[in-house]
Amino acid sequence: KNSKLYAFIGTAEKGRLLTKITVFGTPSHASSPSKDAAVVKLAKLIEEFGKNDENAVISDDIKEYYKTTYQSYNMLTKYLISNMGILKPVFISNISNNAEDRARISTTFAITVIEASNVQNSVSSDASVLIDSRIIPGENTNDIKLYIDRKIKKILGNEEVKIEYLSEMEPSVSKGKGSSEFENLSKIIRKIYPDISVSPYLTLGATDAREYSNISDNTFRFLPCILTPQEAALMHSDNERISIKNWGRMISFYKEYISSK
């Protein structure tokens with residue numbers, strides 16, 4: 001919302017739990033559907049998870065992020081950022097209207113794959129959904145498993161349900177802000193991009209950086225180029241690419257960073 005440049009250093013990233021939930025019901029022909037249909041039960045469950053009402057957590061890194069990007073918000077949000085300590089619930093409610101902001105402060109639950117009958121006139125005896133949970137640091141996969149179990153019991157009670165955990169990754173631990181390595185990285189960024197504002201950041205997706213956490217206390221996620229909204233939209237999309245100018249910027253950054261070691 002303004003022309004200022006920001007450099008976001010990912011000091012941590014969210015974890016992931018991929019869960020398949022299968023519910024069971026009475027099969028029937030579409031001409032006389034059962035009230036006990038599995039897909040109806042599943043729809044109630046999907047609606048509940050779609051609320052994404054997990055508790056919000058504002059870490060020190062996230063506070064720093066919003067203070068750094070203060071100028072990019074409207075007057076109301078600026079006021080709430082300035083008074084985050086006493087107006088935290090109002091601040092959370094305000095930014096939660098934006099999907100990306102909500103993902104920065106809470107574990108999210110995305111409904112991705114839904115399966116039931118593959119015949120148009122048949123009501124299946126079972127129906128399933130894949131829920132892709134992205135977990136904020138401070139919580140873990142066991143916390144989210146318990147949360148999912150509570151949600152299922154709340155909506156379906158003692159109905160027969162099968163839960164399968166297909167993939168699990170714990171969120172990383174932030175060890176960056178305030179370290180000498182973070183400060184050195186910030187210094188190099190400002191040398192390549194003068195007048196830029198640098199801030200810690202929670203990486204919402206999964207990266208290879210987590211594989212280095214066992215051998216380094218300082219693992220960062222940073223893309224040293226200036227992305228326009230159009231260029232950012234090409235990530236994981238058709239014809240994914242960056243501009244030649246950004247390619248040159250990245251070379252300059254890594255040359256400077258490596259020579260500083």
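## Helix H1

The expected span of a helix is 1.5 Å times one less than its number of residues. Helices here are DSSP runs of H or I with at least four residues, strands are DSSP runs of E with at least two, and both are numbered from the N terminus. Take H1, residues 38–49: its 12 residues should span 16 Å at 1.5 Å a residue, and its end C-alpha atoms sit 17 Å apart, which agrees.

Some of H1 is tucked away: Ala 38, Lys 41, Leu 42, Leu 45, Ile 46, Glu 48 and Phe 49 are buried (under 20% relative accessible area; exposed is over 50% and partly exposed is in between, with a 1.4 Å probe and protein chains only). They cover an arc of only 160 degrees around the axis, so they are on the same side of H1. That arc is taken from the directions from the helix axis to the C-beta atoms.

## About the model

This is a predicted model, so local features need pLDDT of at least 70 and side-chain atom pairs count only at pLDDT 80 or more, while totals for chains, interfaces and linings use all residues. Residues are numbered from 1 along each chain as its sequence is written, and side-chain values use heavy atoms, with hydrogens and water left out.

## Strands side by side

Two strands pair if DSSP finds at least two bridges between them. E1 (6–13) and E8 (197–203) run parallel, joined by seven bridges; Gly 10, for one, has Tyr 201 in E8 as its bridge partner. Seven of the seven residues of E8 are buried, so E8 is largely enclosed by the rest of the structure. Ser 197, Ser 199, Tyr 201 and Thr 203 point one way from E8, while Val 198, Pro 200 and Leu 202 point the other way.

E6 (residues 126–135) is mostly covered too, with eight of its 10 residues buried. E2 (residues 15–24) runs antiparallel to E6 through 10 bridges, and Thr 22 stands opposite Ser 128. E4 (residues 108–115) is also antiparallel to E6, with six bridges, and there Ile 114 stands opposite Val 129.

## The largest pocket

A pocket is an open set of points on a 1 Å grid over the protein atoms alone, where a 1.4 Å probe fits, with protein on both sides within 12 Å along at least five of seven lines; lining residues have an atom within 4 Å of a point. The largest pocket has 45 lining residues, and Phe 8, Glu 100, Tyr 201, Leu 227 and Ala 232 lie nearest its centre. E1 gives the most to this lining, with four residues.
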